[in-house]
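Colleague: Please take a close look at one part of this model, the packing of its helices. A connected account would be welcome, with the remaining features placed after it.

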Amino acid sequence: MVGTLALAACGNDGDGPGAKAIAVSITANGCQPAALTAPAGDVVLAVTNARTDTERSSEFEILTAEPKILVEEFFDTGDARDVTVVLPAGDYQLICGSPNQPRATLTVTGDGGESSAPSDLRVDAVALQANVDEYTAYLSSQLREMVTANAALRDAIAAGDLDLAKTLYMPSRVQWERIEPIAELFPDLDGSMDARADDFEAGEHDTDFTGWHKLEWLMFEAGTLDGAEPVAAKLVADIDSLAVVLTQVEIDAATMVNGSAGLIEEAANGKITGEEERYAKTDLQTFASNVEGAKVIVDINAALLQSVDRPLHDAIIASFDSIDAGLSAYDNGDGTYKSYDQLTDADRRPLQAELATLSENLAKVASAFGLEVS
């Protein structure tokens, strides 16, 4: 799931230029108030997690009507901080707690909303669009592989073969982990396919908890395929829906470039804890797939990045090389990696540090290109 990405959010200390903060509380029943209005431009939401019914962190999202995720952050119980985002006039949705809770509405009025981020393109527009087209073709190829891999997983589950299904679990996910830079374009499918138990009131037993991680819990934690077949069938149907969505959404250069930075930020700040593949312990393969997906974007845009900021390009490639070398120490040689619970904190720290460095540098690419920075 896009999870802790914070793709377009900018937490601050409440001193946004000329913007009055609007109070929003995360409660057990969603956002309070359930309807908000703000003028276009810098919109500052003073978000407080007021939930007392759970110790789990709670999600806060702003989505467009399509829907597309503009902001995604997590708040621990009692946390309070400002979230600032530049919004043009229009209608938006807010999620407080988890995607399956009632959504609040945010109506943004007026004519403002121009981003203060760089707006003058500094690279060749035709070449950049060609790169977007190349990346779109890559996404299509990954989706075809995803369809095949998840059909195999579904068939193994339908046949009652737990051991085979467990070996097919991570291969069914690698394509998704590679294309997560654009997961913000289909948040509902993201939630259905890749949500974690933390997003649901009843945790693993919640009937709304579906997708890969429900199967992961059933197979690796509960040790059963009881109840797994309909989950696997729904997952395959969701992937078919994703194939349709990808033909309908617009993948622009900013989404492509910013998405790579957001994905690696999520890996560095959230996934590194082992919270994603908490039952299967296949986190290292998830990291490797995330890094591979982000590097595809850098490689496609390498010539443009070198033309405007060669030192930044070289620093990014150095981080990729360092991460690949670090991961290779845990490679089993057959396309799998050592179980994540075998790593110590000392093993994780260098990987986390390099992921953080990579995330920071990837976040500079949009500005170097003259794209809107999220």
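Modeller: A crossing is called left-handed if the near helix is turned anticlockwise from the far one by less than a right angle, and right-handed if it is turned clockwise. The pLDDT of the protein chain averages 90, and 93% of the residues score at least 70. Two stretches call for caution. Residues 1–17 have a pLDDT below 50, although this stretch has 60 contacts in the model beyond near neighbours in sequence. Residues 113–118 likewise have a pLDDT below 50, with 15 contacts beyond near neighbours in sequence. Where pLDDT is low, the predicted coordinates should not be read in detail.

Two packed helices are described by the angle between their axes and the distance between the axes. For helix H1 (residues 125–158) and helix H6 (residues 228–246), the axes come within 9 Å and cross at roughly 165 degrees. An angle over 145 degrees counts as roughly antiparallel, so H1 is roughly antiparallel to H6. The crossing of these two helices is left-handed. From H1, the residues in contact are Leu 143, Met 146, Val 147, Asn 150, Ala 151, Arg 154, Ile 157 and Ala 158. They meet a set in H6 that includes Ala 228, Glu 229, Ala 232, Leu 235, Val 236, Ile 239, Leu 242 and Leu 246. By class, the contact of H1 with H6 comprises 15 nonpolar residues, one polar residue and two charged ones.

A second pair is formed by helix H7 (residues 253–269) and helix H8 (residues 283–300), whose axes come within 9 Å and cross at roughly 160 degrees. H7 and H8 are therefore roughly antiparallel to each other, and their crossing is left-handed. H7 contributes Met 256, Val 257, Ser 260, Leu 263, Ile 264 and Ala 267, while H8 contributes Phe 287, Asn 290, Val 291, Ala 294 and Ile 297. Here the contact has nine nonpolar residues, two polar and no charged ones. The loop between H7 and H8 holds Lys 281, a residue other than glycine with a positive phi, near 60 degrees. Most residues other than glycine have a negative phi, and most peptide bonds are trans.

One backbone feature remains. The peptide bond joining Gln 32 and Pro 33 is cis, with omega about 0 degrees. Pro 33 is placed in the loop between strand S3 (30–32) and S4.

Notes
Residues numbered from 1 in each chain as written. Predicted model: local features only at pLDDT ≥ 70, side-chain atom pairs only at ≥ 80, totals over all residues. Heavy atoms only, no water. pLDDT = per-residue confidence, 0-100. Contact = heavy atoms within 4.5 Å. Axes fitted to C-alpha atoms, helices over the stretch in contact; angles between N-to-C directions. Helix = DSSP H or I, 4+ residues; strand = E, 2+ residues; numbered from the N terminus. Parallel < 35°, antiparallel > 145°, perpendicular 65-115°, else oblique. Nonpolar A, V, L, I, M, F, W, Y, C, P; charged D, E, K, R; others polar.
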